[in-house]
Amino acid sequence: MYTDKVMDHFENPRNVGELEGADGVGTVGNAKCGDIMKMYIKVADDKITDIKFKTFGCGAAIATSSIATELVKGKSVKEAQELTNKAVAEALGGLPPAKMHCSNLAADALKKAIDNYLGLETKNECEDHHHHEHNDFDHGCSI
Ligand SMILES: [Zn+2]
């Protein structure tokens, strides 16, 4: 069901944790799985110098956030903003179709963290998430 790369990032996730004094923080929730992701970035000279994430979620969510941090670390803010869910999934060698929504989290959390860094106002998707909480039971997120 999962590629070796997904399993590798799930079992040994990179850049897990919190960044103290982060320049930007983004949090997103996923209504379908109940996944929650928090992304922290440090920016210097318009480059993402450090990035960490915390995920309360399924294996696919962990693997996608792990690889997303690797993909954007050292990149410019603009390049990081252009990271797509598709690119994240492709870097993992693909995800099962039922798990594609989990890959949305990583790119979305990153974009929110960048918005936060840039001082842009974004709506809180976690609020929205609560309205759909009852749907979580319809969608098993076991790995
Ligand atoms: Zn998920």
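Q: How do the axes of helix H1 and helix H2 cross, and how should I read that?
A: Two packed helices are described by the angle between their axes and the distance between the axes. In this predicted model, the axes of H1 (residues 4-11) and H2 (residues 59-72) come within 8 Å and cross at roughly 90 degrees. Angles of 65 to 115 degrees count as roughly perpendicular, so H1 and H2 are roughly perpendicular to each other.

Q: Which residues make the contact between H1 and H2?
A: From H1 the contact takes Val6, His9 and Phe10. From H2 it takes Gly59, Ala60, Ile62, Ala63, Ser66 and Ile67. By class, six residues in the contact of H1 with H2 are nonpolar, three are polar and none is charged. An α-helix has 3.6 residues a turn, so residues three or four places apart point the same way.

Q: What is the order of the strands in the sheet?
A: The three strands form an open sheet in the order S1-S2-S3, with antiparallel pairing. S1 and S3 are the edge strands, each pairing on one side only. From one strand to the next, the twist averages 15 degrees. In a regular strand the side chains alternate between the two faces of the sheet.

Q: How many bridges join S1 and S2, and what lies between these strands?
A: Strand S1 (residues 24-29) pairs with strand S2 (residues 36-44) in the antiparallel sense over six bridges. Glycine 29 stands opposite isoleucine 36 in S2. The two strands form a hairpin with six residues between them. Glycine 34, in that turn, has a positive phi of about 80 degrees.

Q: How many bridges join S2 and S3, and which residues are partners?
A: S2 and strand S3 (residues 47-56) pair over nine bridges, in the antiparallel sense. Isoleucine 41 has isoleucine 51 in S3 as its bridge partner, and lysine 42 has aspartate 50.

Q: Which strands do helices H2 and H5 lie across?
A: H2 lies across S2 and S3 and runs at about 175 degrees to S3. Angles over 145 degrees count as roughly antiparallel. H5 lies across S1, S2 and S3, running at about 145 degrees to S1.

Q: How far does H5 reach, and what follows this helix?
A: H5 (residues 100-118) has 19 residues and reaches 28 Å from its first C-alpha to its last. That is close to the 27 Å expected at 1.5 Å a residue. Just after H5, glycine 119 takes a positive phi of about 80 degrees.

Terms used:
Residues are numbered from 1 along each chain as its sequence is written. This is a predicted model: local features need pLDDT of at least 70, side-chain atom pairs count only at pLDDT 80 or more; totals for chains, interfaces and linings use all residues. Two strands pair if DSSP finds at least two bridges between them. Helices (H or I, at least four residues) and strands (E, at least two) are DSSP runs, numbered from the N terminus. The expected span of a helix is 1.5 Å times one less than its number of residues. Axes are lines fitted to C-alpha atoms, for helices over the stretch in contact, and angles run from 0 to 180 degrees between N-to-C directions. Angles under 35 degrees count as roughly parallel, over 145 as roughly antiparallel, 65 to 115 as roughly perpendicular and the rest as oblique. Two residues are in contact if their C-beta atoms, placed from the backbone, lie within 7 Å. Ala, Val, Leu, Ile, Met, Phe, Trp, Tyr, Cys and Pro count as nonpolar, Asp, Glu, Lys and Arg as charged, and the others, Gly among them, as polar.
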